[in-house]
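Grab a pencil and work through the exercises below. Each one comes with a solution that goes step by step.

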Amino acid sequence: MDRRKVLKGAGLAAAAGAVASPAIAQAQPEIRWRMTSAYPKSLDTLFGAGEMIAKRVAAATDNKFQIQPFAAGEIVGALQSLDAAQNGTVECAYTLSSFFIGKDPTFMFETSVPWGMNVRQHNAWMYYGGGLDLVREFMKEYNIYPIPAGQTGAQMGGWFRKEIKSIEDLKGLKMRIAGMGGQIMAKLGVVPQVLAAGDIYPALERGTLDAVEFSGPHDDEKLGFVKVAQYYYYPGFWEGGAQPSLYVNMNKWNELPANYKAILEAACAEANAMCVAKYDAQNADAIRRLASQGVQLRPFPRDVMEQSYKEAYKLYGELAASNAKFKKIYDSWNAFREKELTWFRIAELPFDYFVNQQQGQPR
């Protein structure tokens, strides 16, 4: 064997490798995006989910693709996040579709449907029941490419200054409640108000509001509602799970290289899973702390639950009859929900019910 030829060949191979690696890296464009969030930085789980996405994308692209998160109010207000992504003020927004049902009630389906599906059922519909395709088709007219990017799980029913003993106690109550839940509560006599997270506490403290709902114990504790309201009701039937999403400007999405698109969607999928896991862990601790401060935990009265359920599905029927976009998604959602409820009644619910019945029993 000619040793000089072998060494020469090895040297050429090494040189080729040295050239190829930087060439591949240089082929990836450097992209800088801004992400406006609908949430303040104090809400570490919701604002934090957007931060998680940005960190994952940067790490996976060797910092070639960077997304800078901004809290609500730093670029635009929380309720302007959709408009900002739509018109290109920012490249993307981390937000909740239920804020925008005033534009079209069809926005409801991406976040959650009052008295609808829980987190697992909703994810099943979105990823394997055609829900995500339908939502993306609907949002094309808003120049938005939505990517599921979080979950809260079932939420609490909110903080009330006075005890709610029956549906009559809701009449005339001024309550901060967003989305379709507000329209349903209005049918029960509530006067709904839509406020961004940072504006809720001052309104409750001043007495401009009689009640507020936001999320669950972890977030609600951070927002300080326990200081000005005593009664904490459950469940938040308007959100058996709430899914925030990353709203990407459609033009910016189309400009991304295919591998950057894949990386961004993977980062959002991770945030979708991690967000609900974090809430499940943190809410369990937060509810104990709140109870130790004298908070009065109360279930909604039966008549409130039953009437709200009836009003919800009556409203959906009316909207489906008058709004073709709503009907198209509602028909898919409702059929999938029926199948899921049948399955969950067989295994999931009996399991959960028995385990909860045994809590505190000798083992």
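Contact here means heavy atoms within 4.5 Å. The model is predicted, so local features need pLDDT of at least 70 and side-chain atom pairs count only at pLDDT 80 or more, while totals for chains, interfaces and linings use all residues. Residues are numbered from 1 along each chain as its sequence is written, and side-chain values use heavy atoms, with hydrogens and water left out.

**Exercise 1.** Find out where Ile144 sits and which residues it touches.

*Solution.* 
- Step 1: Look at strand β4, residues 144-148; Ile144 is found there. (Strands are DSSP runs of E, at least two residues; helices are runs of H or I, at least four; both are numbered from the N terminus.)
- Step 2: Leave out residues up to four places away in sequence, and Ile144 touches Leu82, Ala85, Gln86, Met139, Tyr247, Val248 and Met250.
- Step 3: Take Tyr247: Ile144 and Tyr247 are 103 residues apart in sequence, yet 5.9 Å apart in space, C-alpha to C-alpha.

**Exercise 2.** Is Ile144 buried or exposed?

*Solution.* 
- Step 1: Get the cut-offs: buried is under 20% relative accessible area, exposed over 50%, partly exposed in between (1.4 Å probe, protein chains only).
- Step 2: Ile144 has a relative accessible area of 0%, so it's buried.
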